[in-house]
Amino acid sequence: MNSHKLSPQFLIAAPVEQSLRLQHVLLSLGECRVYTNPTDLKPTECDAIFSCGQISPELKKWLGAATPPVVTLLDASTSQANPANGLVLKTDFYYQDVLEVLYRLQLGRERSAVLANEPLVGVSSAVAELRRLSAQVADKVVTVLITGPSGAGKEVVARSLHDLSSRRDAPFVPINCGAIPRELLESELFGHERGAFTGAISSRAGRFELAEGGTLFLDEIGDMPLEMQVKILRVIQERRFERVGSDKTRTADVRIIAATHRNLEAMISAGQFREDLYYRINVFPLNVPALAERREDIPHLIRVLSKQLEAEGLGRLRLADSALRSLSAHAWSGNIRELANLLERLVIMYPDTVVGFADLPENYRHGDDSWRPAPQPACDAAARRDGVPSLPVAGIDMKAYFQTLERQWITEALEAHAGVISKAATHLGLRRTTLIEKMRKLDIKA
């Protein structure tokens, strides 16, 4: 987005019904300025245009030399191919779809298009800093220590470092140092020869050999026994090791990335972690913040995780605004892992339906499910009088306009209250029978 503005500015060139719905979603997702009249903003300050089909000659004339990205609005039933820039919204879009477009727009402005599938998801300053530091160290032959709470995505950061490095075509081999019994950990890391111990019926390569030329990820290294820490320290220093039961020394061309949720400095003071190993692995530290420290990333994480669930065949997950607000307010002690587990549960319980506030497990309900109006689109004072849109110069079909607005509000009220007509009627200030009659006339299903 344009760096000189506090919030992005979008122009919508679409029919009234699509325009109204898109305005509502854009404004409810965060601070942005939305216009439907190009004369209300400068072409050079337009961050993107949402348009149905080709840009009109009038709009091209207004743009002049400016070339903002164009998001194409396609009919949901069309088989038309997506535009080359990948920026497309089907007319049955939901807020996750709009988030996908906004995220792609941001990545397109900040970095190369190849990062549309960026594994480090989010728009927070913490994630931006993590991306910057990761890009700096990814191709350096130094050991990286990733810290952060459990479930925050430390392995995702490690895989990102590997994928950005020159070793990307070689193996990425993870091992959880706390999940393997200490009597088996040495064999898992260095391998063993046949007969080295009871049950060793054949020779076996360890993780260091399997990661040759690539990256070895030592997850939860703080849980590694002290006697094994000595051996890991030697491998890092000398790049040599022996299999269990062998006197043959092997070399290790391996880039080591370690991770832990523990406070290693406190463990050193308690005699539970070797100080010399700590300084060997802590050459370049990276910290992954807890999810509660970057709440603005929660909608984007929901977008990505929901797409993954849909790709796995579990169905499409859609959240009402009230549910999204509630999840954004949750403490998330289990971080991204907890969020992923909850979304998987929701998509199984409510497949292909809108999940409202009342559908969330009780401990995930924060605030209430009352409706909150979205901020009004910003525009010049001349374009509005007392908050009411001015009459378009070209005229308008007022009956169709208000019918569209009525249909939109009724649909949103039903979604916000999980299809409960009595609650939606209260939300809209209508009698239940009146709302039912309006739904019948407008062909709206609960």
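User: What is a cavity, and how much space lies in the largest cavity here?

Analyst: A cavity is a set of grid points where a 1.4 Å probe fits but cannot get out. As a general idea, rolling a probe the size of a water molecule over the atoms shows where empty space is left. The present model is a predicted one. It holds one cavity of 30 Å³ or more, and the largest cavity contains about 30 Å³ of space.

User: Which residues line the largest cavity?

Analyst: The lining consists of Val 141, Val 142, Thr 143, Arg 239, Val 254, Arg 255 and Ile 256.

User: Where is Arg 239 found, and is Arg 239 buried or partly exposed?

Analyst: Arg 239 sits in the loop between α8 (226-238) and β11 (240-242). Its relative accessibility is 29%, so Arg 239 counts as partly exposed. The phi of Arg 239 is near 60°, a positive value in a residue other than glycine. Asp 443 also is not a glycine and has a positive phi, of about 55°. Asp 443 belongs to the segment after α16 (432-441) and is exposed, with a relative accessible area of 57%.

User: Why is the pair of Trp 332 and Tyr 364 called tilted?

Analyst: The ring centres of Trp 332 and Tyr 364 lie 5.5 Å apart with the planes at 40°, so this pair is tilted. Trp 332 and Tyr 364 are each buried.

User: What is the order of the strands in the open sheet?

Analyst: Strands of a sheet pair through backbone hydrogen bonds, either parallel or antiparallel. Here the open sheet has five strands in the order β2-β1-β3-β4-β5, with parallel pairing. At its edges are β2 (33-35) and β5 (88-90), each pairing on one side only. Within the sheet, three bridges join β3 (residues 48-51) to β4 (residues 70-74), and Phe 50 stands opposite Val 71 in β4.

Technical notes: Residues numbered from 1 in each chain as written. Predicted model: local features only at pLDDT ≥ 70, side-chain atom pairs only at ≥ 80, totals over all residues. Heavy atoms only, no water. Pairing = 2+ DSSP bridges. Helix = DSSP H or I, 4+ residues; strand = E, 2+ residues; numbered from the N terminus. Buried < 20%, exposed > 50% of the residue type's maximum accessible area, 1.4 Å probe, protein only. 1 Å grid on protein atoms, 1.4 Å probe; cavity = no way out; pocket = protein on both sides within 12 Å on 5 of 7 lines; lining within 4 Å. Points joined across faces, edges and corners; volume = space filled by probe spheres on them. Phe/Tyr/Trp six-rings, centres within 6.5 Å; stacked < 30°, edge-to-face > 60°.
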